[in-house]
Amino acid sequence: MSNTGSPVTPLVAMVDSARLGGPHGLAEAMQPASALEAARLALLRDLQLAFRKRGQLLQPLAFFVMVALLFPLAVSPEPARLRELAPAVLWIGALLASLLALEFLFRDDAYDGTLEQYALSGQSLTSLMFAKTLAHWLLTGVPLALMAPVVAMSLGVVAAPALAGIVLAVGVGTVPLSLIGSIGAALTLGIKRSGTLLSLLTLPLSLPALIFGARATQLAIHGAPLLAPLELLGALAVLGITLAPIAAAAAVRISLE
Amino acid sequence: MRAFFDMGGYAAFVWPAYAVTLVVVVLNIVWARRALARSLAEARRRLQMQGEAR
Amino acid sequence: MAWTWFHRLASPPHVYALAARLTPWFAWPAALLIAAGLWGGLVLAPPDYQQGDGFRILYVHAPSAWMSLMVYTTMAVAAAVGLIWRMKVAHAVAASCAPIGASFTFAALVTGALWGEPMWGTYWEWDPRMTSELVLLFLYLGYMGLRAGIEDTQRADRASALLAVVGVVNVPIIHYSVTWWNSLHQAPSVMRIGKPSMPAAMLAPLLLMLLGFTLLFVALLLVRLRGEVLARERAASWIREVVSG
C-alpha cells in the first residue's frame, strides 16, 4: 500500500482495480483505527467515484427538471395556477429523482464486492452505511435543493425569501428521503430489475417527509413562517439519522448472506 | 321484510359492503386451505423424489 | 417452565400438530360469533338517529379496519421474534399474516368508501383514517412484493421481517403526518371503538363482530401456518408421517 499522498488515493486506486479484477486488498485498506475514520474514507470514496461519472450524477437532476417541465404543459402556463402546484411539483420531482439515484449508489458496490468487504472489514457497518447515505444526500439532495429555486422560478415563484425557504425545505426534507431510500436499496440488493419494487417500498415510508416538506414549501411560497413543518421535518431527519443506518446495515448483512 | 332489504333507503350501499366483506372472508378461507393443500402436495412430491434418489 | 413452552413453540413438528388441533377451536366459535353479530347488527340494533340504517356498514367496516391493523402488528411482532431469535416458525407466522391482512385492508377501504358516499356525499375523502388505511395496503403489498422477489426462503424471511419492523415503526409516524395534513378530520362518534357513545343494542353486535373476526384471523393463521412451516422444513423426517397420514 502506497504511503504517498492522502490515504484516500491508494484506497480509491485499490477499489478501481477491484472494479477491473475482483475485490482484493480493500480489507487491508480498511485498517484505519476508528469507525469514524473508516466512514470518512468511505464517504470520500463514494464522492470521488461519483465525480468520475459526472454524467450519472446529473441524471437525477435532469429528471427533476423534466418532471417539473411536464406540469405546466399538462395543466396550464398561468403563473397563479403554477404557483399553487409548485410545492407538489417540486416534491414529487425530488422524491422521484432521489429514488432514481438510489440505484447507482448501492448497486455498483454490491456487484463488485465492495459492500461485502465493508461487511467483513470489522468496521462498524452502521457508520459505513451512514457514510454512504450521507454521500447519497450530498450527491442528490443538496443539488436538488439548489436546483429547486430555479424550478420554482419557472413555476411563478419569484420572491427571494420564498426561494430561500424552498432551498431550506428541500434540503432538510431530502435527508429522510436518502435515509429511507438506503434501507430500501439495501433490502432489494440481490433482486434483478427491482426499480418498481424499490419505489413501492420507499414511497409509503417517505410520505411524512413529503407531507411536511410540501407544506413547508407551500408556506414559503405564500410568505408565511414555515417553522412548524420545518421542525417536524428536522425531527424526521434526526430520527432517521439515528435509526436508519442501523436498519440499513442489518439489511445489507441479510442481503449478502 | 321489505324494510330489511331496503335498509332505510341505503340498500345500495349497505348490501354491497356486506357482500364485499363476505367475499373477502370466503376468499381467505378458500385461499388458506388451498395454500395448505399445495404445501402438502409439494412436500409429498419432494419426499417421493428423495425416495427415488435412493 | 415458561421457557419449555417457548422452546416447544419453536419446534416445527410440535407447532404443526398444535395448529391442526387448535384450528376448529377458533374456526367454529368465530363462525358463531360472526353469525350472532350479523343478526344483532342487521336485525336487532335500532336505526341510528342521524344515519338511519346506513350506519350498519359499521358492522363490517370496523372489523375489517381492526383486522388490517391487528394483523400488521402481529406480523411485525412475529417478524421481530424471527429476526432476534432466528426462529423459522416466527417467520412462518409473519408470512401467513400478510395475505390475510392485505385482503382485509382492501375490505376496509371498500366498505369505508361505501359508507362515505351516502354519509358524506363522496366515496373518497382523503380523511386521515382512510388515507392511512390506503398507505397500510401499500405497506402490505411492499412486504409481499419483497418476499416474492427474493428466491431464497431464509433471506426472504429475514429481509421482509426487517421491512415489517421498519414499517411498524413508521405507521404511527405516517398516521400522525396524515392527520396533521388533513384538517377535515371527521370523527363520527359511531366509530370510536372503546368509547361507547352508542346504546348497548348497537355496541354489543359490534363487539361480537370484532371478537369473531379476531378468532377468524387466528383460525386462518393456523391453517396457513401449517403450510408455511412445511415449506421451511425441507428434509425433516417428521414430514413423512404428516404427509402420508
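Reader: Where is the kink in H10(A)?
Author: The kink is at Ile241(A), shortly before the proline Pro245(A), and amounts to about 35°.

Reader: What span should H10(A) have, and what does the model show?
Author: H10(A) has 30 residues, and at 1.5 Å a residue these should span 44 Å. The end C-alpha atoms of H10(A) are 42 Å apart, which agrees with that expectation.

Reader: Switching to chain B. How many helices and strands does chain B have?
Author: Chain B has two helices and zero strands. The C-alpha atoms of chain B fill a box of roughly 70 × 15 × 10 Å along the principal axes.

Reader: What radius of gyration does chain B have next to a compact globule?
Author: Chain B has 22 Å, whereas a compact globule of 54 residues would be near 10 Å. As for burial, 24% of the 54 residues of chain B count as buried.

Reader: Nice. I have my eye on Ser96(C). Is Ser96(C) buried or exposed?
Author: Ser96(C) counts as buried, because it has 27 C-beta neighbours inside 10 Å and the cut-off for buried is 20 or more. Its place is in helix H4 (residues 88-120) of chain C.

Reader: Which residues does Ser96(C) touch, leaving out those up to four places away in sequence?
Author: Ser96(C) touches Leu221(C), Arg224(C), Leu225(C) and Glu228(C). Gly227(C) is 131 residues from Ser96(C) in sequence, yet their C-alpha atoms are 8.8 Å apart in space.

Reader: Now the confidence. What ipTM and pTM does the complex get?
Author: The predictor gives an ipTM of 0.89 and a pTM of 0.88.

Reader: Where is confidence lowest and highest in chain C?
Author: Chain C averages a pLDDT of 87, and 92% of the residues score at least 70. Among its elements, helix H1 (residues 2-9) is lowest, at a mean of 72, and helix H3 (residues 58-85) is highest, at 96. Over residues 184-196 of chain C the pLDDT is below 50, and this stretch has 17 contacts in the model beyond near neighbours in sequence.

Reader: And what does chain A average?
Author: Chain A averages a pLDDT of 84, with 87% of the residues scoring at least 70. Residues 1-12 of chain A have a pLDDT below 50, with 14 contacts beyond near neighbours in sequence. Residues 17-25 of chain A are also below 50, with 12 such contacts.

Reader: Thanks! How should predicted coordinates be read where pLDDT is low?
Author: Where pLDDT is low, the predicted coordinates should not be read in detail.

How values were computed
Residues numbered from 1 in each chain as written. Chains lettered and ligands numbered in written order. Predicted model: local features only at pLDDT ≥ 70, side-chain atom pairs only at ≥ 80, totals over all residues. pLDDT = per-residue confidence, 0-100. Helix = DSSP H or I, 4+ residues; strand = E, 2+ residues; numbered from the N terminus. Contact = placed C-beta atoms within 7 Å. Expected span 1.5 Å × (residues − 1). Bend = angle between axes of the 7 residues up to and from the residue. Rg over C-alpha atoms; globule rule 2.2 N^0.38 Å. Buried ≥ 20, exposed ≤ 12 C-beta atoms within 10 Å, placed from the backbone.
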